[in-house]
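Take a look at the structure below. Keep it in view as you read.

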Amino acid sequence: MKTNILDLEGVAKQASPEVLLSLMRTMVLVRRFEEKIIEVYPMQDMKTPVHLYIGEEAIASGVCAHLKKDDYIFTTHRSHGHCLAKGTGPEMLYAEFYGRSTGCSKGKGGSMHPADPENGILGTTAIVGGGIPLAVGTALASKMKKDGKISVTFFGDGASEEGTFHESLNFASMKQLPVVFICENNSYATTSPISQRQPHDNIAIRAEGYGIPGIAVDGNDVLEVYKAAGEAVQRARDGQGPTLIECKTYRWKGHVGPDCDHEKGCRPIEDLNKWMERCPVEMFKNFLIKNRFISETEYANMLGEIDRELDRSIKAARQCALPDKEELLKDVFHEKK
Amino acid sequence: MPWTKVYTEKTDLKDTLAGEGLRALSYRDALKEAQTQLLRSDESVFLLGEGVDDTGGIFGSTLGLWKEFGKDRVMDLPIAENGMTGVAIGAAMAGMKPIFVHMRMDFLPMCMDQLINHAAKWNYMTGGKVNVPLVVRSIIGRGWGSAAQHSQALHGLFMHIPGLKIAMPSTPYDAKGLLMEAVNDGNPVMFIEHRWVYDYIGYVPEEPYTVPFGKGIIRRPGKDVTVVALSVMVYEAIKAAKTLEAEGIDIEVIDPRTLNPFDDALVIESVKKTGRLVIADVACKTGGVGAEIACRVAESAHEYLKAPVRRVNFPDTPTPCSPVLEEAYYPDAGSIVKAVKELIR
Ligand SMILES: Cc1ncc(C[n+]2csc(CCOP(=O)(O)OP(=O)(O)O)c2C)c(N)n1
Ligand SMILES: [Mg+2]
């Protein structure tokens, strides 16, 4: 594993202290948002399958920091971190997970299908690889309309095995579309290791065959993600076409649900221990404190503030109204205005 | 009325229509005219599909359009149907109105994930926040030994999926009017054409117009038997009506025009009058559209039925190649006559 993580000199060149603090804030928000889910989940009234992002927060945070409110992102079944980092309010997400009518998809989507068009999230698919061409499509629309927006698609290592991944890279490259492909390589698709699914674990090199830049970064180092994403986003904005970024990372919890699947023998516990030592949130926090961007007290205050907001959100969401039964038959089709 | 009329001769109608002061156009040209007018009047409309810009121009229905609108709006594609359907869906969500064209309906199984899991479910899954105004044109092939992978009609599969609209125009008038409606419907629309009606001529006004979804049409009024006919079978049913007329049997031919939404009321009213129902489809029988229509009638008008329901379909086999087998495979006016007579006995 590489050693030069969170290198100070490199950092100063690319990120202002405000950016650094905002990256920290997003990572803590994403982490704590899901830790609250773990707390309430045993009550069994959050009836939606949750795919937790814990351990991978640096990726959504580092990428979305470059995006404008109306840039598009497409996430996956593992959606929470991307939505929060893009600006979706925690309360409408929690409300969605509680099946409330105030949820971001009116309680019709759940954790796997958040939609928040105001923040560039036009909906979410949980079909592995399904969202990749959708982002290419929004990018095509942006290019045709010349609206200056870019599109980003997040997807897993498993999704890079789907035809849609290859079809999308081919087309996006040929048309030089403003899209960034972010592959979150956590080495697993449910319980299946990548070694049983692909001949090698270098997803980034797939880009070469399609004639676009492909780079692999340490997905637990938010600054490395931030830097690579910044370049890719700039390329997209400048009309220089797509980029594939593979972020190597690791999921701490089971594929779905709040438990740890290592206890069931799904993955070696040594791997988890190794990766937990490289906790993206802790590493970045230590870096900021060591280099005096933030003090222990300031960090504690930030954490407290985020926690209070999340506690308020989850409580409020749980008290929101459930949908009327008549909602069942609505929204199958769009009604003409 | 000229816009409801079905002319069973394929061509040579131009003079007849002109004699009545009506403009004649083929089904193919009606489709092309609809697309031309849509592309001209709405910047968000674009065509995409394998070969939309080539020298065949999708059996002539997109021929030369790229010259007026450029290859960005009449866009050839890589052979990657599922991914490209996803691209079209993404563009539609972002405010474009793509028309995705497939030369053969048989290529749609490649796109099932994007059509069924994505396009069809998006409006619902997002609580109505994001809709997908996508039109998928596909053409049912037939004949010349095209065989099992170039002659399928899969509208029955799509009718099973909530969230997809389905149009099956039989006349040139409907080809234009339904396509213009489909593009502005705001939902994914499976627009299903039949290769064998491309040469048929009919009355088509030059100005843009739309034909509403969910409104079937009585192509021929009659009192003895209701024949619901889809796509090219409308023509076979009209031919059958002439034969039967000579024998004193008077059939009512209904063309539903769209399968979702489906004009239940029109069919049920007709069955209440005739008491007998035949459904003539352009696909295999089992689990198909005919079963659905028959069941709807049984559910709401069974006391009016004086005889069993009959379906005229392809046999439940893949399409064969050999002319002899092909001949045996496809039902025609004669098959409808036979089915009707079984109910009248
Ligand atoms: C097309 C499809 N096949 C299978 C599944 C079941 N499934 C859900 S998530 C998943 C693993 C995805 O792995 P990856 O893309 O690496 O994402 P990760 O869960 O690791 O974030 C699978 C197989 C699915 N949802 N869609
Ligand atoms: Mg994975």
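The model is predicted: local features need pLDDT of at least 70, side-chain atom pairs count only at pLDDT 80 or more, and totals for chains, interfaces and linings use all residues. Residues are numbered from 1 along each chain as its sequence is written, chains are lettered from A and ligands numbered from 1 in the order in which they are written, and side-chain values use heavy atoms, with hydrogens and water left out.

**Where the chains meet**

Chain B has 44 residues in contact with 40 residues of chain A. Contact means heavy atoms within 4.5 Å. The area buried between the two chains is about 3,300 Å². Carbon and sulfur atoms give 67% of that area. Buried area is the accessible area (1.4 Å probe) that two parts lose on being put together, summed over both. B:Tyr124, B:Met125 and B:Lys129 supply 20% of what chain B buries against chain A, more than any other three residues.

Chain B and chain A share 15 residue pairs in polar contact, both residues being at pLDDT 80 or more. A polar contact is a pair of N or O atoms within 3.5 Å; within protein, one must be able to donate a hydrogen and the other to accept it, and residues adjacent in sequence count only if both atoms are side-chain atoms. On the side of chain B that touches chain A, 19 residues are nonpolar, 18 polar and seven charged. Here Ala, Val, Leu, Ile, Met, Phe, Trp, Tyr, Cys and Pro count as nonpolar, Asp, Glu, Lys and Arg as charged, and the others, Gly among them, as polar.

**Salt bridges**

A salt bridge is a side-chain nitrogen of Lys or Arg within 4 Å of a carboxyl oxygen of Asp or Glu.

| Residue | Partner | N to O distance |
|---|---|---|
| A:Lys336 | B:Glu181 | 3.1 Å |
| A:Asp307 | A:Lys36 | 3.1 Å |

**Strands in chain B**

Strands β13 (residues 277-284) and β14 (residues 310-314) of chain B pair in the parallel sense over four bridges. Strands pair if DSSP finds at least two bridges between them. Strands (E, at least two residues) and helices (H or I, at least four) are DSSP runs, numbered from the N terminus. B:Cys284 stands opposite B:Phe314.

**Backbone details**

Most peptide bonds are trans. A cis bond joins B:Asn260 and B:Pro261, with omega about 0°. Phi of A:Gln44 is near 65°, a positive value.
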